[in-house]
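Please look over the model shown here before reading on. The paragraphs that follow lead through its sheets, the helices packed on them, and the contact between its chains.

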Amino acid sequence: MKEDINDNEIRVIGHASSPKRPKRRPKVPWWAWVIVAAVVAVVAGVVLLKTFRTTPQDTVPYVFEPEATETASRPLEGWFASLDTVTAVGTAGHDTVVNDIPLRIYVPLNGAIPRLELGYNAINERERNILVFQAADIRADNYQIVGAFVLHGKPLSWGLSKKGYCAIIDDRVTIGVAENSPLFELATEKNGYFFRQYPLVDNGKPVENELKNKAIRRALCDICGRVAVIASQTPESFHDFTQALVDVGVQNAIYLVGGTAIGWSQDLAGNGTKMGLWDTKHYKNTSFIVWSK
Amino acid sequence: MCKKCIRNLLFRKKSSTFAAEMPHATHIVISTATDLLRIRTSELLYIQSDGNYSTLILSCGEARVVTFQLGQIEKMLDAQLSENDNNFIRIGRSLIINQNYIFYINLTKQQIVLSDRNEGRHTLNASREALVKLKEFIEQSIQ
């Protein structure tokens, strides 16, 4: 309270509305300051996140290590767009090299009906089958199918040994990664098919697996909106093969038995090609994914 | 019983009645190293500066001199009064009045008269400008 009042002034003592009295600040409860501080902290955190979080669009291009562009990450888009999706019957094939890994892409076309088959006899209809690859793995101790397996609506095996799955329901192939998938039950209800394998690519991101060594690798893929089988032409590690799938634009992929496992394709001209070793020991529970005319 | 005592008794009764009429009666405590003065503010008529001392005039006619400057007394009133107690007004450098006892303001004579309800009159001098402001303040308070 200032003492320097002159004789011509008046001051009401203890009155807030007095023209001579300095205004007192209204008391603010302590919890109001806590709320204000919390709000300020949240706002500051959001602002900092948005300021310093880098996005692919915000990344400065480098001279010596240029980042992959959107176009380069889907190099097969043009080829897929050029496929005859109306009249061609058979498997369209395409060779490419990604990260120095030669790949071959097999795309079953128009009217190709997918299914699973069990045993080698089922795949001997070479005239009718346009694409065949081994699907699920079998156990080395009891030769039973590894993981859940449904054949034409009939469950033959159960269990979660591998998180990747493929379901074929109403002639539609679905590839995914999940510990529990309702498509297993749906396949049993709708005379469909279901099998499990190593997951390789999940929503465009590589899935790490612990398998070592190098071998011919194959994958059942969802790429550019189509279902395809992609196989390495040289022995590759799981990691390098998976990365190559990602770099070629695969959205989802699971492993198909590779190495010397048998395969078959019939091109658009009707010419058939065998893959793998057909004269090795056969197991009755060997499963195949088959596309037929 | 002497007239003065009877009058004092009456004063106390009327003062207490008067205090009851004032909704926010409080006390002011002026404490030194050797003594303590506690006065009901409703009985405090005005305070006049006298150099380094201040004289407190009570409604019963008693005068108390304290060893505090008027500004210090003003601070005590400001600190001790409740927020609703705005009866004291400092006029200029040398006067603090209890506005409840204001009876008459004369700008021409530069005088303010306080009445203690007991027909006691206390005529005080103040600057014309200060009395103009006081008069306006009182007029605004009744609007």
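In this predicted model, strand 3 of chain B, residues 44–50, pairs with strand 4 of chain B, residues 53–58, in the antiparallel sense and over 6 bridges. Within this pairing, Gln48(B) has Thr55(B) in strand 4 of chain B as its bridge partner. Helix 2 of chain B packs on the sheet to which these strands belong, touching strand 1 of chain A as well as strand 3, strand 4, strand 5, strand 6 and strand 7 (95–98) of chain B, and the direction of helix 2 makes about 145° with that of strand 3 of chain B. Helix 3 of chain B also packs on the sheet, where it touches strand 1 of chain A together with strand 6 and strand 7 of chain B, its direction making about 35° with that of strand 1 of chain A.

The sheet as a whole is open and has 6 strands in the order 1(A)-6(B)-7(B)-3(B)-4(B)-5(B), with antiparallel pairing. Because strand 1 of chain A and strand 5 (63–66) of chain B each have a single partner strand, they stand at the edges, and one side of each is left without a neighbour in the sheet. From one strand to the next, the twist averages 20°.

The sheet crosses the chain boundary where strand 1 of chain A (residues 10–12) is joined by 3 bridges to strand 6 of chain B, the two running antiparallel; here Val12(A) stands opposite Ile89(B). Over the interface, 21 residues of chain B are in contact with 16 residues of chain A, and the area buried between the chains is about 1,800 Å², with carbon and sulfur atoms giving 53% of it. The rule finds 1 salt bridge across this interface, in which the side chains of Arg11(A) and Glu74(B) meet at 2.7 Å, N to O. On the side of chain B that touches chain A, the elements giving two or more residues are helix 2 (70–80), strand 6 (88–91) and helix 3 (128–141) of chain B, and by class that side has 8 nonpolar, 4 polar and 9 charged residues.

Chain B also holds an open sheet of 3 strands in the order 8-9-10, with antiparallel pairing. Strand 8 (102–106) and strand 10 (121–125) of chain B have a single partner strand each, so one side of each is left without a neighbour in the sheet. Strand 9 of chain B, residues 111–115, pairs with strand 10 of chain B over 5 bridges, and Val113(B) has Thr123(B) as its bridge partner there. Helix 3 of chain B packs on this sheet, touching strand 8 and strand 9 of chain B, and its direction makes about 130° with that of strand 8 of chain B.

How values were computed:
Residues numbered from 1 in each chain as written. Chains lettered and ligands numbered in written order. Predicted model: local features only at pLDDT ≥ 70, side-chain atom pairs only at ≥ 80, totals over all residues. Heavy atoms only, no water. Contact = heavy atoms within 4.5 Å. Buried area = accessible area lost by both parts, 1.4 Å probe. Salt bridge = Lys/Arg side-chain N within 4 Å of Asp/Glu carboxyl O. Helix = DSSP H or I, 4+ residues; strand = E, 2+ residues; numbered from the N terminus. Nonpolar A, V, L, I, M, F, W, Y, C, P; charged D, E, K, R; others polar. Pairing = 2+ DSSP bridges. Axes fitted to C-alpha atoms, helices over the stretch in contact; angles between N-to-C directions.
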